[in-house]
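Subject: Structure handover

Hello,

Here is the structure I promised to pass on. Please open it first, then read my notes below.

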Amino acid sequence: MTDTTLSSRPPPPAPFRVRWWQPLLFWLLVNAWGFVERGTQPYAGHAPSPLQPPGWVFPVMWFSLNIVQIWGDLRLLDPARPIRRRRVLLALQAVSWAIYATFSLAYFTLGSPILAAAWTIGFFVVSSVCIALVVRDDRGIAGLWLPLILWTGFASVVGVHNALLNPDPLFGTPALWPR
């Protein structure tokens, strides 16, 4: 073996690869509590906001939103994509997934319209910040995440209205907006 066979340059990085089961496993994990807690209303006597869409809309919307958010996250994880604030974006995406994964706990298990509104507004804010941070580097990711802010923006209005219409047994607050 001679010195000419050894290169001083490192080998090129392996291509970014994701197996089909990895996003599926992640999706199952973040939806685990929602699969267990199949609540339809947080407590007896709870009246949903008249702005709220029919119940069948939520699983359809969230399944679709989960797919596009995971797709955007996979693009964010790809080291071949030059994204300046990757670590900050990954941390914010972890926060958004934590909010999503615990929403059923906050709203249905704990029965808190106030927490549900706060979680929804938090998801909207985090998603909006993520889009603002990534749009210059990768418009594709920003486009994938855009439906998140459209849905959670609308859902935030519904959530606040819902919290005003109903008492919150967790915090012991009365309804602030009479029906």
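Does Leu 146 count as buried, partly exposed or exposed? Leu 146 counts as partly exposed, because its relative accessibility is 40%. Please keep in mind that this is a predicted model. Leu 146 sits in helix α6. Ser 127 is 19 residues from Leu 146 in sequence, and their C-alpha atoms are 8.2 Å apart.

Two other residues I looked at

Asn 162 also lies in helix α6. Its relative accessibility is 4%, so Asn 162 counts as buried. Leaving aside residues up to four places away in sequence, Asn 162 touches His 46, Ala 47, Pro 48, Ser 49, Tyr 107 and Pro 113.

Gln 41 is in the loop between α2 and α3. With 38% relative accessibility, Gln 41 counts as partly exposed. Gln 41 touches His 46 and Phe 108, again not counting residues up to four places away in sequence. Asn 66 is 25 residues from Gln 41 in sequence and 22 Å away in space, C-alpha to C-alpha.

Helix α4

Helix α4 covers residues 86-109, which makes 24 residues. At 1.5 Å a residue, α4 should span 34 Å. The C-alpha atoms at its ends are 34 Å apart, which agrees. There is still a kink in α4, of about 45 degrees and centred on Thr 102. After α4 comes Gly 111, with a positive phi near 65 degrees.

The buried residues of α4 include Arg 86, Leu 89, Leu 92, Trp 97 and Phe 108. Ser 96, Ile 99, Tyr 100 and Tyr 107 are also among them. What covers these buried residues includes α1 (21-30), α2 (32-36), α3 (57-77), α5 (113-134) and α6 (139-165).

How the helices pack

Start with α4 and α5. Their axes are 9 Å apart and the packing angle is about 160 degrees. α4 and α5 are therefore roughly antiparallel to each other. The crossing of α4 past α5 is left-handed. On the α4 side, the residues in contact include Leu 92, Ile 99, Thr 102 and Phe 103. On the α5 side they include Trp 119, Phe 123, Cys 130 and Leu 133.

Next, α3 and α6. Here the axes are 9 Å apart and the angle is about 150 degrees. That angle makes α3 and α6 roughly antiparallel to each other. Their crossing is left-handed. From α3, the residues that meet α6 include Phe 58, Trp 62, Trp 71 and Arg 75. From α6, those that meet α3 include Leu 144, Trp 145, Pro 147 and Trp 151.

Last, α1 and α3. Their axes come within 11 Å and cross at roughly 130 degrees. α1 and α3 are therefore oblique to each other. This crossing is right-handed. Pro 23, Phe 26 and Trp 27 of α1 make the contact with Phe 63, Asn 66, Ile 70 and Leu 74 of α3.

Best wishes

Notes
Residues numbered from 1 in each chain as written. Predicted model: local features only at pLDDT ≥ 70, side-chain atom pairs only at ≥ 80, totals over all residues. Heavy atoms only, no water. Helix = DSSP H or I, 4+ residues; strand = E, 2+ residues; numbered from the N terminus. Expected span 1.5 Å × (residues − 1). Bend = angle between axes of the 7 residues up to and from the residue. Buried < 20%, exposed > 50% of the residue type's maximum accessible area, 1.4 Å probe, protein only. Contact = heavy atoms within 4.5 Å. Axes fitted to C-alpha atoms, helices over the stretch in contact; angles between N-to-C directions. Parallel < 35°, antiparallel > 145°, perpendicular 65-115°, else oblique. Left-handed = near helix turned anticlockwise from the far one by under 90°.
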